[in-house]
Structure formats: C-alpha cells, structure tokens
Amino acid sequence: MRPIIYLSLGFLLQLTRAQAFTLNNSAAIVFAHDEVSVNIASNNCSNIGIDETELLSIVADAVDSYWNKSPTSRLKLRAGIVSSQLAAFKTGLICNANTSCDPNPTLAVSSGVLITCNNNSSNFSSNAVLAVTVPNNISGNTILGSLIMINDQVGNVFISKSRAEKVSIIAHELGHTFGLGHSPVSDSLMYYSTVSMRKSLGADDIDGITYLYPKQQPVTCGTITEKNNPNSWLGLLIGIGFISLLAGLFDKIQLRYLKLRPRV
Amino acid sequence: MKNSKYSIILFYYSFFFLILGKVYAYDVSLSVGNLCEYVGKIQTDDSGSTNLCGFDPLIAGTFEYQLKNQFSLAPEIGLTFPKSGRDSYINKMSLFAIANGKYNYSNYHFIAGVGLFFTRLSSSGGNEELRNGTGTASFPLANGVVYSRNFILNFGAGYDFNKDWSADVLAFLFNALHKEDRAVSVAFKGIYHFGEL
C-alpha cells in the first residue's frame, strides 16, 4: 500500500505546474505606493488613429480589465489626466545612445506612469514594435516614475489594432512600468507578442504582480513591503493565533460535558 | 478603511460563537482534495478561454468542536502542494487558516467562516532569455520568498456518508468588500474523521 501512496504523491507533485514570470530588473524595484496614476502626454499622437482622450479611456479599460483584477496584489493603477509635457517626449530617445538602456534623464517621469506617443525611429527597431517602456526615474529600490512610448511613426502597426487589442497592448506595457518582464507562455498578458483574443490576466501575470506587490490583509503596516517581510510571518501567526484562541477559549470555559459526537 | 472593515467582520464572527455555550465533543479530521483557484479569472489559452478548475491538490486538518443546537466550530489549517513552474523557475503554494462554523442537519452540514489565505511565491534568481520585440533579451527572475495574505470569507456545504467519511465543497471569497478584485476559489474535499483522540 505504501509504495502506491508514494508513487501517487510523486505523480501528483509532477503534474502540478505553475507559470513563470520574469522581472525587468534584478533588484525587483517597485512603486512605493499602492495606487499609481497613469497620465497621458497631450498633443503628441499623430499617427496612431486615436487622440489622447481616447488613449486615456483605453488606459482606464486596461487597468480595470487586467491588473486591478488580481486578487492577491495590493497595487492599483488609476487612469489619470492628459497633461502638457516637454516636446522631447515626442521626439527624444527613451534611452541614452550607445547604452544597453540608461534612461534618458531629460525624460524622467516625476511620479506615476506617463504614456506618450513618439516618432523617433531609434526607439523602435521596426514598425512591428508597438511600444517601448522603461522605469526611468528610480531611487534605490523604488520606482518613482515610468515612461511608455507608443510607436507613432508613419506606418506603425498600432493604428491597425482593434480597440480590445490596444487595451491589451497598453496593459502589457503597464506591466513593464511596475516591474515585470516578459513571460514565456502565450496565454499570459506579459507574453512578448499580442494575441487577438486576450481577455484576462494569465496565471503568471497574477503571480508576478503578487510577488512584487503582495497583499497584506486584514491590516497592513505601511505601503512598502520588503521581500521576506516579517509582517508576512506575523500574519500567519495572527491567523493561527486567532484560531487557537477561539479553540482554547471554548475549551477553558465549557469543557464539562464530553460526549461522543453523534455521527451516523 | 477596507482593512478595518475586515477586522470588524472578524470581531462579530468570533463574538457570535462566544454566546453559543459549552463544548460537547470534538472530532479530528484529515481532508484531501483539490483547489480551483480564482474561477473564471485566469486566461488559459490564446482563444480567450478562462479557467474553470485546474489541478491544485490540497491537504487540510480540522479540529471540530461540537457545540449545542447542532452547531459546531471547526478551525482548519491546510495547504496546496507546491507547484513548480513549467520551466521550473517559480515555486508556488497556498496555505490557509480558517475558522468555520458548521450547522449539522441530518446527514448534511452547512459551513460559513472567515480566515486567512496565504500565497507563497519563491524563486532562486538568475536570468531567462526571452523574446523581446524583434530580438531577445535577458530577463531577471525573482529571487527570494514572498507571502501575500488575504482575508477570506468561506461558504460551503457537505454530506456525511458515515461516521468516518464525509465530503465538502467550500468557496473561498477574496476581497468580498471590493468588487474590483473580488475572486472566488472553490475547494472540493474528501474527509476522514478520526473522532476523539
């Protein structure tokens, strides 16, 4: 009997598989606050077929249809405002020339996420590249601001996408803004390529945002969480302690009439 | 404010059981089953299909206190078997500690309770080469262990086949007070009752 149990257990363990998410930096940098605003640079979009107001509407759908639905993460993205920005956001380089990607300090985003259209061909290796994203304002392990550039060159592919695809593209880029890299599996939002029938987060999208921004219910102590935070162990102890307290309370007060539990 | 509302729910729930009176008996049980995670929330293929129930086996132990008027209190601790990623980089498991109240009626029982649900994610670091635009890039992997903690409400029902065996269906409701990220996981369990030890 015992070898069968071990074999069955091993079979079970082999069959259970989770996805694999990656990060966009080795330090697992994250936004400090649980709510992050996503703003749009005004008057920069010429060739993507939509204006900034519609782009902001797409952002609202992207955050509400995807990332804000993760049940185990505390990060919430909010559609912000359309605001004037430097002209360099439309024409400048996202990374300094001749670097792997040292962010261009001229375009540092002071807070939250900024989405701009950009027509500099050096930012996009081809017109098939829909957008590029970099957290370009970092302090220690904290993201202060991130920048998304949508390919606004003539002949870009973004203009031909359906609205639903545009929503998923923006949602994908937003994943990069708060610390995620790509996923190897096509059913994930963070897969490198768009999928026409993208509707929900994949399992490793949820795992990735949870890893970076774990929820801490029912109470939290601040909004910055370090990895292996003792607060997490405290939560486990709270849960076990609560149950033990209830059990011990009844045992202490009313342990008087012990009878066999009436079961059929 | 949302977090304090969960604490208030916890307080009233525990107060309800304080007034039920004395303990008559207890029962220790062990259950094995499957957890269907976040039903309908996760995309599973390129055509837009979402999950119904994946393979996520669990094991749990319960210490049930028989109270009066067919009520019992059944704190339970359980966990899902650790998962390895498809490419073995990420390890995930879930743990839960729940305080369920049960109402027994004939061979049926009905369950309601509160608890904590922990999601454990871990990885050993390194890099993975993945497609990026028209080329590839080296993406860092997570390095370390993280726990997320959710306050959950539980609802369910079960059937007692005999004094030794029963079965339960239990729904874990995440973020009950927040529509934006509300989700439901469902656990199906077969239970063996050891009785009083």
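In chain B, strand E6 (residues 108–124) and strand E9 (residues 143–160) pair in the antiparallel sense over 17 bridges. Strands here are DSSP runs marked E with at least two residues, helices are runs marked H or I with at least four, and both are numbered from the N terminus. Two strands pair if DSSP finds at least two bridges between them. This is a predicted model, in which local features need pLDDT of at least 70 and side-chain atom pairs count only at pLDDT 80 or more, while totals for chains, interfaces and linings use all residues. Residues are numbered from 1 along each chain as its sequence is written, and chains are lettered from A, with ligands numbered from 1, in the order in which they are written.

Let us stay with E9(B) for a moment. If you look for B:Ala112, you will find that its bridge partner in E9(B) is B:Phe155. E9(B) also pairs with strand E10 (residues 165–174) of chain B, in the antiparallel sense and over nine bridges. There, B:Ile152 stands opposite B:Phe174 in E10(B). Four residues lie between E9(B) and E10(B), and the two strands form a hairpin. As you follow such strands, keep a general rule in mind: in a regular strand the side chains alternate between the two faces of the sheet.

Strands E1(B) and E2(B) run antiparallel and are joined by ten bridges; one of the pairs to look for is B:Leu30 with B:Gly61 in E2(B). The loop between E1 (25–36) and E2 (57–66) of chain B holds B:Tyr38. This residue has a phi near 45 degrees, a positive value in a residue other than glycine. B:Tyr38 has 24 C-beta neighbours inside 10 Å, so it counts as buried. The cut-offs are these: a residue is buried if 20 or more other C-beta atoms, placed from the backbone, lie within 10 Å of its own, exposed if 12 or fewer do, and partly exposed in between.

E2(B) goes on to pair with strand E3 (residues 71–80) of chain B; the two run antiparallel and are joined by seven bridges. B:Gln66 stands opposite B:Ser72 in E3(B). E2(B) and E3(B) form a hairpin with four residues between the strands, and in this hairpin B:Asn69 takes a positive phi near 55 degrees.

Chain A is our next stop. It has six helices and seven strands, and along the sequence they follow the pattern α-β-β-β-α-β-α-β-β-β-α-α-α. Of its 264 residues, 45% count as buried. Among the contacts in chain A with a separation of 6 or more, 73% come from residues 24 or more positions apart. Two residues are in contact if their C-beta atoms, placed from the backbone, lie within 7 Å.

How do two helices of this chain meet? Two packed helices are described by the angle between their axes and the distance between the axes. The axes of H2 (residues 52–65) and H4 (residues 163–177) of chain A come within 8 Å and cross at roughly 70 degrees. H2(A) and H4(A) are therefore roughly perpendicular to each other, a word used for angles of 65 to 115 degrees. At the meeting place, residues including A:Ile58, A:Ala62 and A:Ser65 in H2(A) meet residues including A:Val167, A:Ile170 and A:Leu174 in H4(A).

H5(A) shows burial along a whole helix: ten of its ten residues are buried, so it is largely enclosed by the rest of the structure. A:Asp204, A:Gly208 and A:Tyr211 are among them. Continue into the loop between H5 (203–212) and H6 (230–254) of chain A and you reach A:Pro218. The peptide bond from A:Gln217 to A:Pro218 is cis, with omega near 0 degrees.

A:Ala28 lies between strand E1 (17–18) and strand E2 (30–31), and has a positive phi of about 55 degrees although it is not a glycine. A:Asn104 is found between helix H3 (88–91) and strand E5 (112–118). Leaving aside residues up to four places away in sequence, A:Asn104 touches A:Gly92, A:Leu93, A:Ile94, A:Cys95 and A:Asn96.

Note on methods
Axes are lines fitted to C-alpha atoms, for helices over the stretch in contact, and angles run from 0 to 180 degrees between N-to-C directions. Angles under 35 degrees count as roughly parallel, over 145 as roughly antiparallel, 65 to 115 as roughly perpendicular and the rest as oblique.
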